[in-house]
Amino acid sequence: MARNQYNTLQMSNEARLPLPHPDGPLAGYRVLDFADEKGQLCARVLGELGADVIKVEPRGGHPTRENGPFFRDELGPLTSLYWWAMNAGKRSITCELRLEQGRELVRKLVAASDIVIETCEPGTARDFGLDYETLREANPGIIVVSITPFGQTGPYAKLKATDIVASAMGGHMHLNGDDENGPVRTTVPQAYAQANFHGATGAMIALYARGVNNGMGQHVDVSMQEAMANAMDHAQQTWDIRHKNSRGPGIYRERAGERISRYLYEAADGWITTLANGGISGPRGNGIIDWLEQHGAARDLAHDNWRLKLTTLEPLTPEEQAYVEETLELFCRQHPKDWLVAEAQARGGGWAPVYSPREIVEAEQLKARDYWVSVHHEDLGESFIYPGAPFKLSRTPWKQRGRAPHVGEHTTEVFDELLGMGEAEVKRLRTRMVI
Amino acid sequence: MTALKKPFEGMRVADFSWVGVGPTVAKYLADHGAEVIRIESNTYPEALRRVGPFPNDTPGVDNSGYYANFNSSKYGVSINLKHPEGTSLARELVSHCDVVTESYTPGTMARFGISYEELSEGRDDLVMISMPLYGQTGPWAEYAGFGHILQAASGYNHLTGWPDGPPIGTGVAYTDFLVPHIATIALVAGLDYRRRTGKGQYIDFSQYEAAVHGLGTAILEWTANGREMMRMGNRDPEAAPHGCYQCKDGRWIAIACFTEDEWTRLKAALGRPDWCDLERMRRKWQRLNEQKEIDRHLSNWTWEMTRKPEDPEEAEIEGVEGVRIRKYASHELMQYLQSYGVPAGVVQTAEDMHNDPQMKHRGHYWKLEHPTMGLRTYDGPSFRLSATPAELTKAAPLLGEDNERVFKEILGMSDERFVELLADGAFE
């Protein structure tokens with residue numbers, strides 16, 4: 001496996017987790033994370049910008065610790081890759097929200113925090129003491145981010161939705177797929193991913209608003225359905241303006257509800273994607289046609305009348321369009337994808353390879369930018385490669401802050417540090433099964 | 001009590017970005033109170049202004065619905081950066097701004113003399129974000145492309161489609177709708193730091209590097225387990241059933257059961273047919289192996305339970321033994337399943353979205369009057385801030401619409417100078 005070559009960031013076994021990040025732009029802020037799949041990544045991103053993120057779990061651990069896949073396929077408290085990916089760099093405490101004493105502790109923590117992220121079904125947050133009204137009483141400056149399938153109120157607020165249901169109801173899924181098999185979902189959950197990043201966007205805007213409004217907090221009500229609706233590209237305007245419903249075009253592209261050209265081609269060793277007939281259609285078309293000609297693959301396109309037609313973007317008949325696509329198809333099949341992309345890009349063509357996770361980890365571009373980080377799991381005695389900085393801020397950098405926490409790993413530390421509880425008090429709460 | 005300030009009230013943004021990602025980031029600032037000025041050129045109009053949908057199918061730089069949606073609440077000026085005065089006009093404009101956003105191929109801003117170093121000369125507080133596809137450095141830095149093909153390089157094609165079919169990817173420029181949020185998070189974090197310390201900075205944002213963070217567990221599956229995740233149609237490794245099933249009205253309905261409880265509820269909704277009580281359907285790990293059969297039964301069921309919209313009389317038909325059987329429209333079938341507590345939802349079209357009662361309740365779509373396009377629908381954000389909500393204050397700007405106001409009022413340009421530059425083509 002290619003893993004070891006990235007182990008540049010060796011950390012000592014005694015490193016205190018999460019790793020400190022005083023240089024982050026959000027250093028000094030504190031986030032309480034009560035979320036499930038809809039909000040854990042949201043909290044992680046804020047942590048990597050410097051915030052102190054505390055994951056609050058029930059005593060037996062959050063149910064998402066049982067989400068697969070698992071390291072070496074072994075189910076266990078330390079092995080959920082889902083948990084690793086979404087909760088890296090946080091602290092973890094346990095607290096039973098079903099007990100009044102637990103809810104009281106939360107109110108005290110909220111008084112010492114800036115942002116709360118919760119994903120309770122609308123109307124049920126009150127049962128856990130996580131509704132905005134209750135939390136605002138504890139801290140008028142608190143920003144409460146609620147991420148739910150359809151938002152807090154409205155006719156669908158109580159409907160149940162997982163990733164695929166929100167993708168469907170958000171209108172995005174109808175744009176994916178093809179005529180034969182119908183709509184398709186992206187296998188890695190995108191409604192969840194979007195909801196998390198939208199939630200963090202809302203949280204940041206509310207945080208900024210607090211700064212200019214004398215410390216006033218507010219409630220950020222995020223809808224997964226709307227987050228997916230924002231990913232409908234221009235299908236919404238196409239309906240508004242042309243009264244046409246766009247739908248999954250398979251290997252083709254649609255523009256304003258009309259199928260324009262094929263964008264996916266098979267290479268000798270995989271697949272590539274292109275824009276504008278591989279660049280053949282457009283002002284730089286001659287460069288691409290010359291390239292095909294060098295390899296004896298331009299067919300009739302090398303003729304002057306074809307060149308003129310293509311470079312001036314004269315509309316093509318369906319037969320002509322099919323001929324161009326067939327020419328590209330025959331050419332691509334003969335060559336490896338990385339070669340095709342590099343050569344086409346050298347001629348100004350917008351081409352990109354279809355990469356699998358392994359190929360992404362091995363991608364030259366990401367290596368050249370020193371993207372990957374190695375995260376040490378001292379509990380397993382191994383280090384693993386995680387995605388690195390999603391943005392490079394020159395003054396206040398992003399930082400990966402170590403592995404995800406074990407259940408309640410920081411309970412004593414957090415209650416002592418934030419609420420000044422001595423060991424005896426923590427022990428008392430433990431025996432009463434509050435924490 | 002004094003009136004609340006909008007989050008970015010009083011902040012001015014020079015938006016040099018184009019197409020999807022950059023304009024969406026600046027739109028978040030504009031819709032939340034910033035004065036965002038888009039800097040464009042008539043000589044080289046931004047690509048999206050040339051792409052439809054156009055009202056009456058009439059192409060025109062001021063007629064693109066695609067462009068309009070990403071540029072609500074913004075002002076528009078035009079500067080020809082190749083004109084001898086272009087660079088100094090742009091620099092002067094930025095000197096009146098707090099933030100610069102751009103998404104050109106690396107090196108473009110420097111070629112016009114408006115790199116971060118040049119723009120931040122003599123000031124410490126400028127925040128600038130560059131958002132090209134692949135970042136400022138590296139062998140692919142100058143590669144051309146848009147979100148349609150970045151989704152391929154960043155894994156979304158590989159992970160979207162049917163397991164025995166090509167990696168079709170999403171039907172949209174997918175990363176254009178994922179990474180702007182990640183960029184906005186970084187930018188506003190930088191702005192909040194500036195608010196507290198007075199210090200600006202430069203953000204090198206690579207759409208590619210951000211997009212990889214949307215891949216869930218796919219990267220760790222490879223780096224920790226040495227296994228490559230593969231597209232699996234509408235299935236999920238942890239749920240059964242999990243898929244889309246067709247209804248008689250042509251729509252599809254998504255149904256997902258992750259927990260045993262959800263499965264029990266689905267069985268009740270189905271009326272407990274014999275097949276779902278078979279021993280091999282008892283536990284989720286068993287059902288995961290029986291998905292073909294489950295999908296066949298569910299497809300039959302959704303088909304049989306639904307009716308075409310033109311057959312309202314089919315809504316209730318006489319059953320074999322005189323029992324009345326109800327036939328549903330797809331949205332009714334969703335409500336029926338939901339009434340049993342089963343996660344289910346219709347795969348909605350753009351038309352459905354415009355009529356969706358929840359989207360209406362939330363006020364997601366805004367209607368804004370545009371001088372040439374008329375009353376058009378714009379997307380608002382997916383979140384509601386209770387105290388300082390987004391407000392889409394105006395439709396997208398015409399190309400160069402605000403030249404006179406911006407150059408005269410903000411830059412303090414004299415009438416004579418403005419006319420002189422205009423005649424000389426500096427605003428082309």
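Both faces of strand S6 (residues 201–204) of chain B are covered. Gln201(B) and Ile203(B) on one side, and Tyr202(B) and Asp204(B) on the other, are all buried; a residue is buried if 20 or more other C-beta atoms lie within 10 Å of its own, exposed if 12 or fewer, and partly exposed in between, with C-beta atoms placed from the backbone. Helices (H or I, at least four residues) and strands (E, at least two) are DSSP runs, numbered from the N terminus.

This is a predicted model, in which local features need pLDDT of at least 70, side-chain atom pairs count only at pLDDT 80 or more, and totals for chains, interfaces and linings use all residues. Residues are numbered from 1 along each chain as its sequence is written, while chains are lettered from A and ligands numbered from 1 in the order in which they are written.

**Strand partners of S6(B)**

- Within chain B, strand S5 (residues 127–130) runs parallel to S6(B) and is joined to it by four bridges; two strands pair if DSSP finds at least two bridges between them.
- Met128(B) has Tyr202(B) as its bridge partner in S6(B).
- From the other chain, strand S16 (residues 392–393) of chain A pairs with S6(B) in the antiparallel sense over two bridges.
- In this pairing, Ile203(B) stands opposite Leu393(A).

**The contact between the chains**

- Chain A gives 130 residues to the contact and chain B gives 127 residues; two residues are in contact if their C-beta atoms, placed from the backbone, lie within 7 Å.
- On the side of chain A that touches chain B, helix H6 (residues 190–212) of chain A supplies the largest share, 16 residues.
- That side of chain A has 71 nonpolar, 41 polar and 18 charged residues; Ala, Val, Leu, Ile, Met, Phe, Trp, Tyr, Cys and Pro count as nonpolar, Asp, Glu, Lys and Arg as charged, and the others, Gly among them, as polar.

**Chain B and the domains**

- Chain B contains 17 helices and 14 strands, and its C-alpha trace spans about 90 × 55 × 50 Å along its principal axes.
- Of the 428 residues of chain B, 56% count as buried.
- Among contacts in chain B between residues at least 6 apart in sequence, 66% join residues at least 24 apart.
- Chain B is assigned domain 1 (12–216 + 363–423) and domain 2 (242–351), with bounds that come from an automatic or database domain assignment.
- The C-alpha centres of these two domains of chain B lie 44 Å apart.
- For chain A, the assignment gives domain 1 (2–231 + 391–431) and domain 2 (263–360), and 44 Å separate their centres, taken over C-alpha atoms.

**Helix H11 of chain A**

- Helix H11 (residues 318–332) of chain A has 15 residues, which at 1.5 Å a residue should span 21 Å; its end C-alpha atoms are 21 Å apart, in agreement. The expected span is 1.5 Å times one less than the number of residues.
- Val324(A), Thr327(A), Leu328(A), Phe331(A) and Cys332(A) are the buried residues of H11(A).
- Seen down the axis of H11(A), these buried residues fall within an arc of 125 degrees, so they line one face of the helix; the arc is that of the directions from the helix axis to the C-beta atoms.
- An α-helix has 3.6 residues a turn, so residues three or four places apart point the same way.
- The other side of H11(A) has exposed residues, namely Pro318(A), Glu319(A), Ala322(A), Glu326(A) and Glu329(A).
- The buried residues of H11(A) pack against strand S11 (264–267), strand S12 (270–274), helix H9 (285–294) and helix H12 (337–346) of chain A.

**Backbone features in loops**

- In chain A, the peptide bond from Gly68(A) to Pro69(A) is cis, with omega near -5 degrees; Pro69(A) is in the loop between strand S2 (52–57) and helix H2 (81–87) of chain A.
- In chain B, a cis peptide bond with omega of about 10 degrees joins Gly52(B) and Pro53(B), and Pro53(B) lies in the loop between strand S2 (35–40) and helix H2 (65–69) of chain B.
- Asp57(B) lies in the loop between S2 and H2 of chain B. Its phi is near 55 degrees, a positive value in a residue other than glycine, and Asp57(B) is exposed, with 11 other C-beta atoms within 10 Å.
- Asn214(A) is not a glycine, although it has a positive phi of about 55 degrees. Asn214(A) is in the loop between H6 and strand S8 (218–223) of chain A and is exposed, with 11 other C-beta atoms within 10 Å.
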